[in-house]
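Please open the model in your viewer and keep the selection tool at hand. The tour below goes from one selection to the next and says what is there at each stop.

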Amino acid sequence: MATKMQPALDDISKRIVELLQEDGRRPYAEIGREVGLSEAATRQRVQRMTEAGIIQIVAVTDPMQLGFHRMSMIGIRVTGDPRTIAEQLTEISELAYVVVTFGSFDILVEAVCESDADLLDLIATRIRTIPGIVHTETLLYAGLYKDLYNWGTR
């Protein structure tokens, strides 16, 4: 995945993002009053940031509340180009996060599964069978203490 340089956000756009992070359903008129813009200008800014890929407005769920009781981070070592394998891993629906890294592992993935049996099946039959994967190490989540999405507005 190639990264694009995004334009820096001005203080008004940052505040709009912060308000949407607090409540993604907040009306544009209310956001506009808070930041000193009209409803239309606020809507246009949000649309430009969305189209530029700077923000996404989505519902964030709690996997545990939805029956996904086994979450883990899996470190993967590969031979060859890790980007090729990372692309293949993005096709696995149970993987919520796929990133190529520098360090002990070539790739880190976050798995969200219903049970230990589902996690074992995922690793044994769908991850380890990908050509080029030579090692996996699974770190089971015992508790989630912080999960924020406020990058770039600090």
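How are helix 1 and helix 2 oriented to each other, roughly perpendicular or oblique? Helix 1 and helix 2 are oblique to each other, a class that holds the angles left over when those under 35 degrees count as roughly parallel, those over 145 as roughly antiparallel and those from 65 to 115 as roughly perpendicular.

Before selecting anything, note that this is a predicted model, in which local features need pLDDT of at least 70 and side-chain atom pairs count only at pLDDT 80 or more, while totals for chains, interfaces and linings use all residues. Residues are numbered from 1 along each chain as its sequence is written, and side-chain values use heavy atoms, with hydrogens and water left out.

**Helix 1 and helix 2**

Select residues 11–22 for helix 1 and residues 28–35 for helix 2, which pack at an angle of about 135° with their axes 10 Å apart. Helices here are DSSP runs (H or I, at least four residues), numbered from the N terminus, and the axes are lines fitted to C-alpha atoms over the stretch in contact, with angles running from 0 to 180 degrees between N-to-C directions. Now show the side chains of I12, R15, I16, L19 and L20 in helix 1 and of I31, E34 and V35 in helix 2, which make the contact, where contact means heavy atoms within 4.5 Å. By class, six of these residues are nonpolar, none is polar and two are charged; Ala, Val, Leu, Ile, Met, Phe, Trp, Tyr, Cys and Pro count as nonpolar, Asp, Glu, Lys and Arg as charged, and the others, Gly among them, as polar.

**The loop between them**

Next select R26, which is found in the loop between helix 1 and helix 2. R26 is buried, with a relative accessible area of 17% (buried means under 20%, exposed over 50% and partly exposed in between, with a 1.4 Å probe and protein chains only). The side chain of R26 reaches the backbone oxygen of L19 at 3.5 Å, and a polar contact of 3.1 Å joins the side chains of R26 and E30. A polar contact is a pair of N or O atoms within 3.5 Å; within protein, one must be able to donate a hydrogen and the other to accept it, and residues adjacent in sequence count only if both atoms are side-chain atoms.

**Helix 2 and helix 3**

The axes of helix 2 and helix 3 come within 8 Å and cross at roughly 100°, which makes helix 2 roughly perpendicular to helix 3. Here Y28, A29, I31 and G32 in helix 2 meet E39, T42, R43 and V46 in helix 3.

**Helix 1 and helix 3**

Turn to helix 1 and helix 3, whose axes come within 11 Å and cross at roughly 85°. The residues in contact are I12, S13, I16, V17 and L20 of helix 1 and T42, R45, V46 and M49 of helix 3, and they divide into six nonpolar, two polar and one charged.

Which polar contact does the side chain of R45 make? Its partner is the side chain of S13, at 2.8 Å. R45 counts as buried at 17% relative accessibility, and S13 is also buried, with a relative accessible area of 8%.

For the last stop, select E51, which lies in helix 3 and counts as exposed at 62% relative accessibility.

Definitions and conventions:
Helix = DSSP H or I, 4+ residues; strand = E, 2+ residues; numbered from the N terminus.
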